[in-house]
Amino acid sequence: MTLRIIATGGTFDKHYDEIEGRLGFGHGHLPHVIKRARITVPIQLEQLPFLDSLDMHDADRQRIAASCLRADEKSIVVIHGTDTMKETAEVLGTAQLPKTIVLTGAMIPYEVKNSDALFNFGFACGIAQTLPHGVYIAMNARIFTWDDVRKNRTEGVFEQA
């Protein structure tokens, strides 16, 4: 089994610019994250243009869906910003692709101390190999179906809708 990882940006891949005092995108973290996670299944990494999910439009979601559709792999993890993860999951869920697609991300960027990125990534990679076909969101050590999830912005966690 080969696992496809599709990176789209989000907080997971943001870098802190010490000079500007802002978070932005640079090179992707996924090659390092994959190595650090010591994942032993073959992985195909695909990096789409990095976006904050608040800046995503329908065309960006369709690009993600097209990547999932053309992928040979049946298990796919999509690294996505948390603010509109549910909207992208809905696009993928209604497409009814015969694949297991797990969206995950991070509340704290990977390179920032106490980030949840590495844990969420490893968790998503594990469950993407075991869940039946469908679209899921994996955050906070929980699995949600695409049509029964919401981001609780007050608590900073995902929960059932």
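Asp60 touches Leu51 and Asp55, not counting residues up to four places away in sequence. The model shown here is predicted. Asp60 sits in helix H2. Its relative accessible area is 10%, so Asp60 is buried.

**Helix H2 and helix H3**

H2 covers residues 58-70, and its partner H3 covers residues 85-95. How are two packed helices described? The crossing of H2 past H3 is right-handed. On the H2 side, the contact is made by Arg61, Gln62, Ile64, Ala65 and Cys68. On the H3 side, Glu87, Thr88, Val91 and Leu92 take part. Sorted by class, this contact of H2 with H3 holds five nonpolar, two polar and two charged residues.

**The nonpolar cores**

In soluble globular proteins, nonpolar side chains tend to be buried together. In this model, the largest nonpolar core has 22 residues. Which of them have the most contacts inside that core? They are Ile5, Phe12, Leu30, Val77, Ile79, Val102 and Phe121.

A second, separate core has 21 residues. Leu48, Ala71, Val78 and Val135 are included in this second core.

**Ile5 and Ile43**

Ile5 is one of the residues with the most contacts inside the largest core. What does Ile5 contact, leaving aside its neighbours within four places in sequence? Leu30, Val77, Ile79 and Phe121 are among its partners. So are Ile43, Gln44, Leu45 and Glu46, along with Cys125.

Ile43 belongs to strand E4, which runs over residues 43-51. Its contacts are Thr2, Leu3, Ile5 and Ile34, again leaving aside neighbours within four places in sequence. Ile43 and Met56 are 13 residues apart in sequence. In space, C-alpha to C-alpha, Ile43 and Met56 are 26 Å apart.

**Two positive phi values**

Gln96 has a phi near 50°, a positive value in a residue other than glycine. The loop between H3 and E6 holds Gln96. Is Gln96 buried or exposed? At 68% relative accessibility, Gln96 counts as exposed.

Ala141 also is not a glycine, and its phi is positive at about 60°. It lies in the loop between E7 and strand E8, residues 142-145. Ala141 has a relative accessible area of 45%, so it is partly exposed. Which residues does Ala141 touch, not counting those up to four places away in sequence? They are Phe119 and Phe123. Ala141 and Phe119 stand 22 residues apart along the chain. Their C-alpha atoms are separated by 8.3 Å.

Strand E2, residues 14-17, holds Tyr16. With a relative accessible area of 44%, Tyr16 is partly exposed. How far apart are Tyr16 and Glu111 in sequence and in space? They are 95 residues apart in sequence, and 8.1 Å apart in space, C-alpha to C-alpha. Glu111 is also in contact with Tyr16.

Ser115 is placed in the loop between strand E6, residues 100-104, and H4. Along the chain, Ser115 and Phe12 are 103 residues apart. Their C-alpha atoms are separated by 8.6 Å. Phe12 is one of the residues with the most contacts inside the largest nonpolar core. Leaving aside neighbours within four places in sequence, Ser115 is in contact with Ile108, Pro109 and Tyr110.

Methods. Residues numbered from 1 in each chain as written. Predicted model: local features only at pLDDT ≥ 70, side-chain atom pairs only at ≥ 80, totals over all residues. Heavy atoms only, no water. Axes fitted to C-alpha atoms, helices over the stretch in contact; angles between N-to-C directions. Helix = DSSP H or I, 4+ residues; strand = E, 2+ residues; numbered from the N terminus. Left-handed = near helix turned anticlockwise from the far one by under 90°. Contact = heavy atoms within 4.5 Å. Nonpolar A, V, L, I, M, F, W, Y, C, P; charged D, E, K, R; others polar. Core = buried A, V, L, I, M, F, W, Y, C linked by side-chain atoms within 4.5 Å. Buried < 20%, exposed > 50% of the residue type's maximum accessible area, 1.4 Å probe, protein only.
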